[in-house]
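Visitor: I am new to this structure. Could you show me how to read a few of its features?

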Amino acid sequence: MTDECECDAYKDYDEKMITAKILLKLKLENFQLGKTKVFLRAGQIGVLDARRAEVLDNAAKRVQGRLRTYIARRDYLSTRAAAISVQAYCQGCLARKIYSVRRETAAAISMQKLIRGWLSRNAYLQLSAAAVLIQSSIRGFSTRRRFVFGKEHRAATIIQAHWRMCKIRSAFQKHHKSIIAMQCLWRRKMARREFRRLKQEANEAGALRLAKNKLEKQIEDLTLRLQLEKRLRMSNEEAKLVEVGKLQSALEALNVELEVAKSDTVNQCKKNAMMHGQLELLMKEKVNMERELLRMEDLKRENAILKSSLDDLEKKNASLQALLLRAQKDSNDTIQKVQEVEKKCEHLKQNLRSLEETKSNLEDENHVLRQKALSLSPKGNRLASGKPLADVYSGTLSLPYIERKSLFETPTPTKSTPYSHGFSDSRWSKLTAERHQENYDLLSRCIKENLGFRDGKPVASCIIYKCLLHWHAFESERTTIFDHIIEGINDALRVGDENAILPYWLSNASAFLCLLQRNLRTNGFLNAASNRSAVSACLTGKGLRTPSKNIGLDDCVSHIEARYPAILFKQQLTASVEKIFGLIRDNLKKEISPLLGLCIQAPKTTRGGKSSRSPSSVPQQLPANQWDSIIKFLDSLMDRLCGNHVPSFFIRKLVTQVFSFINISLFNSLLLRRECCTFSNGEYVKSGLAELEKWIVSAKEEFSGTAWHELNYIRQAVGFLVIHQKRKKSLEEIRQDLCPALTVRQIYRISTMYWDDKYGTQSVSNEVVAKMREMLNKDSQNLTSNSFLLDDDLSIPFSTDDISKAIPAVDPMEVELPASLAEYPAAKFLLQHRK
């Protein structure tokens, strides 16, 4: 009964009310609730993401706490049970085993001495023999390859020289012929055009003569009428004088027109004389062309001679190719020999690794036996029996295994140093805290300051990576240094100019993420060997080493076994890169939105009444001040990103998303505002899209990517607006040829809202509109296709693997320490590495 009441109570709640309560509980103010969606202003999505990240962090901390409690209790119970059983066994067998333990210890020491000497001697002999064999083979192979390369280079140089000579000569001849043909055609075209113009002007002069004759006849008629009026109207002299004045003014005007016609005829005569002069020049050029044709015949003869020489060169080239094939066969044989040698070397390395593993196993057993011997001796007699043994055979042990393991689990892992037993616990903890504080200060300085770039490589990320690698932070089981780095990056993003700090940290964070992606190992391949390598490092007296060095790998940077904090830090760094990319994208959309609002509608000065030109004429160039501001915005964006050495992968993604936002904003505004669906406005937007196309071509495909394809919707919609004779287009032609990317609902919207404010043309025919209406009525039940607007994609368009594949590798060892960080004691190892 209670369940039914609760269900009824939940049904009474409105989903819109529940959503509003959730948003108010999150203290969000700038939001608007629609029927099925929630519209948030810029920046509110970041607040929601931050709250989600907070909830996930709290849940993760709670899970980690419970898991750590369980692991600690399990370890404690197992340790207590083991201690009880060992104590019971030791107390029963202590008196009987003292003599046997001492005898076994002496035997183990002698066996270890002999086995170590034999293993070291055999390993050294095998390594020296393999090294000598490899060196001799490689030196012989490199010498033969240099000799073959020299021969090939000289032969290729000779062939290239002759081939380029022939190619350039033939290209020059073709170019020369095409230039002569173009000059002839152009001069013929200009002469015909000038002839037509002169003929038209001559016809106009004849028309003026006819007009002159007509005017003279009119003058004669007027004089006759004047005489008749004098005879008929002698009584009214005042009226006659007025009429005579009018006639005289008309005569003066006619005389002026006659003078103008005479001046025009004189000008036409002068122009005719100029045309005669040009015809004479054309005749002279014709003579010069005949001379050039004679020269061309001479060049053809020379070309035949060169062809014969080219045949000889081809024969020589065939012989050289045969020699080259022989050399390649020899090189293949040598490569096979080198590969066989490499296989032998790999086999030797595998043997060496197996020997090292057996050696580590023996050392582990020796360590266990030594601990048993120490635990069996009573506390009062420990100095009498155990001290000489430790002084003689364990003098190289500078730190116990448990204490050495704790070094990796400190809050800030540092390089291991020999532990002095003369220091007290308080003195040792104080020195460790001071060293940790120095490390924190160095990292904070690297994060807060803009260290810039060295040869396109971010200095800050390289310095931080080298410090973490030197301090063995990636191999630590517990550490807070990664949290300190993430918090420092977040603090740096909050302070300063976003236009400068966001691209800088996008470049640094992406480079750091690529270093972690390429150099960290997350599998358990080296877990078993890490404990054994720690003991062997102490026994050899060379300090702590990474597990990769102990199994025969030369490059410790490319094979680092990552623990849980390092893996978590990599995930947090990936989230930071995505966050920085999202902030840059949102800021760009916020800056470009007002500009797009001005670009969707043409200015009133360019959208006047109907034009007097015909529909088939070319449209005039409209002012594009608003589009110029968008071009300037894109140029400033490229300058900022390239100035901070942002990888081209991120620039390409940002430019693509900006152009996608331009397409969505312009297309949605076009569908929502009827004053934008006009012919003149389509011409205006089309001219702006042409400017964007020029910018994309100038930016090159490395940075622009598929930006032009992102404008498909607005390009096809504008192209539909500016075409003539829309009534003759069928629905199939519109959907397949003009607007293949647009849906029927979008085409119907544009067709019904279109009006021509320039030529008065009509939209599509009524039949096409009826077909589209029928298709929309059939699809009206499909809720997903009812919206004709485009949605903005807010997802991150890349993954960590995409970043590691697209961004080139960065070698942090090539980046030197800046002078501003040389004063820190924690950075001394970087100066030693540089020396």
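Visitor: Is Thr574 buried or exposed?

Guide: First, a caution: this is a predicted model. Now the general idea. A residue counts as buried when its relative accessible area is under 20%. Thr574 has a relative accessible area of 13%, so Thr574 is buried.

Visitor: Where is Thr574 found?

Guide: Look at helix H14, residues 564-599. Thr574 belongs to that helix.

Visitor: Which residues is Thr574 in contact with, leaving aside its neighbours within four places in sequence?

Guide: There are Leu513 and Thr800. Sequence distance and spatial distance are separate things to check. Take Thr574 and Ser799: they are 225 residues apart in sequence. In space, their C-alpha atoms are 8.6 Å apart.

Visitor: How do I read the span of a helix, say H11?

Guide: Compare its end-to-end reach with the expected value. Helix H11 covers residues 498-519, which is 22 residues. From first C-alpha to last, H11 reaches 31 Å. That is close to the 32 Å expected at 1.5 Å a residue.

Visitor: How many of the residues of H11 are buried?

Guide: The count is 17 of 22, and H11 is mostly covered.

Visitor: How do I read a pair of helices? What is the crossing angle of H19 and H21?

Guide: Look at the two axes. H19 spans residues 731-738 and H21 spans residues 766-778. Their axes come within 9 Å and cross at roughly 75°. Angles of 65 to 115 degrees count as roughly perpendicular. Therefore H19 is roughly perpendicular to H21.

Visitor: Which residues make that contact?

Guide: H19 brings Leu731, Ile734 and Arg735. H21 brings Val768, Lys771, Met772 and Met775. By class, five residues in this contact are nonpolar, two are charged and none is polar.

Visitor: What about backbone angles? What should I look for in phi?

Guide: Most residues other than glycine have a negative phi. A positive value is worth a look. Asp455 has a positive phi, near 60°. His645 has a positive phi too, near 55°.

Visitor: Where is Asp455, and is it buried or exposed?

Guide: Asp455 sits in the loop between strand S3 (453-454) and strand S4 (457-458). Its relative accessible area is 74%, so Asp455 is exposed.

Visitor: And where is His645 found?

Guide: His645 is in the loop between helix H15 (625-643) and helix H16 (648-672). With a relative accessible area of 36%, His645 is partly exposed.

Technical notes:
Residues numbered from 1 in each chain as written. Predicted model: local features only at pLDDT ≥ 70, side-chain atom pairs only at ≥ 80, totals over all residues. Heavy atoms only, no water. Axes fitted to C-alpha atoms, helices over the stretch in contact; angles between N-to-C directions. Helix = DSSP H or I, 4+ residues; strand = E, 2+ residues; numbered from the N terminus. Parallel < 35°, antiparallel > 145°, perpendicular 65-115°, else oblique. Contact = heavy atoms within 4.5 Å. Nonpolar A, V, L, I, M, F, W, Y, C, P; charged D, E, K, R; others polar. Buried < 20%, exposed > 50% of the residue type's maximum accessible area, 1.4 Å probe, protein only. Expected span 1.5 Å × (residues − 1).
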